[in-house]
Amino acid sequence: MTTYVRILATTTAAVAVLGATLAGCADGAGKAVTSGSSAARAAATSSPGAVKGPPTLAPGPGGLTPVFKRGNPAAGKTVALTFDADMTADQGTRAARGERFDNPSLIALLRRLEVPSTVFMTGRWAEEYPTQAKAIGEDPLFEIANHSYSHYAFTADCYGLPRVGETKMNEDVQRAFTAFDEAGARNVVPYFRFPGGCYDDAALRALAPSKVTAVQWDVVSGDAFATDAEAVAQQVLEGVKPGSLVVMHCTRSAAPVTEDAVQQIVPELRKQGYRFVKVSELMSH
Ligand SMILES: [Zn+2]
């Protein structure tokens with residue numbers, strides 16, 4: 001795939017450092033210096049060029065944020081399960097009342113089944129569940145990608161989500177990277193998923209400074225607010241093709257049957273000869 005470019009870890013580090021710098025603007029300059037990022041630390045401890053960072057796509061025309069729109073057929077019989085760890089900036093009070101936006105037993109299942117996966121995490125989620133964010137980010141089975149800080153929409157009319165102003169979009173993404181870093185999460189990749197998958201050229205332009213690759217999907221699991229695990233599993237099994245990218249959720253609150261669906265999906269796809277990969281591997285083909 002000639003449009004794919006590989007970047008060095010230093011680029012990832014630059015993204016994360018930018019996040020730390022922005023946090024510094026809000027929280028005091030000292031923090032920007034001491035906060036650093038796991039990616040920056042990784043880059044600092046490896047010899048230049050020795051470690052390649054995750055692949056990203058080249059920017060679009062006029063420097064627009066590139067979009068990995070769907071699965072990659074060139075990746076052969078592979079499939080990437082992705083899990084959105086949603087939590088909206090204003091859901092803190094609901095979490096305080098006991099609503100669970102995390103799903104530790106889903107993560108445990110992915111570990112038990114040894115399914116490499118990409119978790120698109122909101123910064124708000126990492127703040128609410130820092131221990132889990134750290135554990136996910138320390139496990140080489142997983143990679144953490146950015147699903148915004150606030151889970152607000154980046155366009156108008158996106159599933160009724162509150163909207164991020166254009167001038168705040170880049171800051172929102174950087175704030176999520178900072179939240180991952182503050183939780184101590186490693187394995188953070190420079191991928192971004194728009195809340196609701198909603199984007200337009202204005203959003204892609206606004207995010208250009210963040211140097212992320214936006215990631216969409218080609219298979220909707222339908223696990224959001226689903227009550228029938230079998231129906232979710234069936235929808236995924238019917239939709240998956242070689243190189244597919246599946247969107248699911250890692251939050252009990254809004255996706256209560258995902259774990260049961262994964263339990264059905266994984267052995268069946270393996271029986272069909274599929275191998276599970278992270279988005280970074282899918283993109284590398
Ligand atoms: Zn989401």
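This is a predicted model: local features need pLDDT of at least 70, side-chain atom pairs count only at pLDDT 80 or more; totals for chains, interfaces and linings use all residues.

Me: Which residues of helix α7 are buried?
Reply: In α7 (residues 130-138), the buried ones are Q132, A133, I136 and G137. Buried means 20 or more other C-beta atoms within 10 Å of a residue's own, with C-beta atoms placed from the backbone. Helices here are DSSP runs of H or I, at least four residues, and strands are E runs of at least two, numbered from the N terminus.

Me: Where do they sit around the axis of α7?
Reply: On the same side, because they cover an arc of only 130 degrees, taken from the directions from the helix axis to the C-beta atoms.

Me: OK, on to β7. How many of its residues are buried?
Reply: Five of the five, so β7 is largely enclosed by the rest of the structure. V188, P190 and F192 are on one side, V189 and Y191 on the other.

Me: What's the sense of the pairing between β6 and β7?
Reply: Parallel, over two bridges; pairing takes at least two DSSP bridges between the strands. I144 stands opposite V188.

Me: And which residue is the bridge partner of Y191 in β8?
Reply: That's T213. β7 and β8 (residues 213-215) are parallel too, joined by two bridges.

Methods: Residues are numbered from 1 along each chain as its sequence is written. A residue is buried if 20 or more other C-beta atoms lie within 10 Å of its own, exposed if 12 or fewer, and partly exposed in between; C-beta atoms are placed from the backbone.
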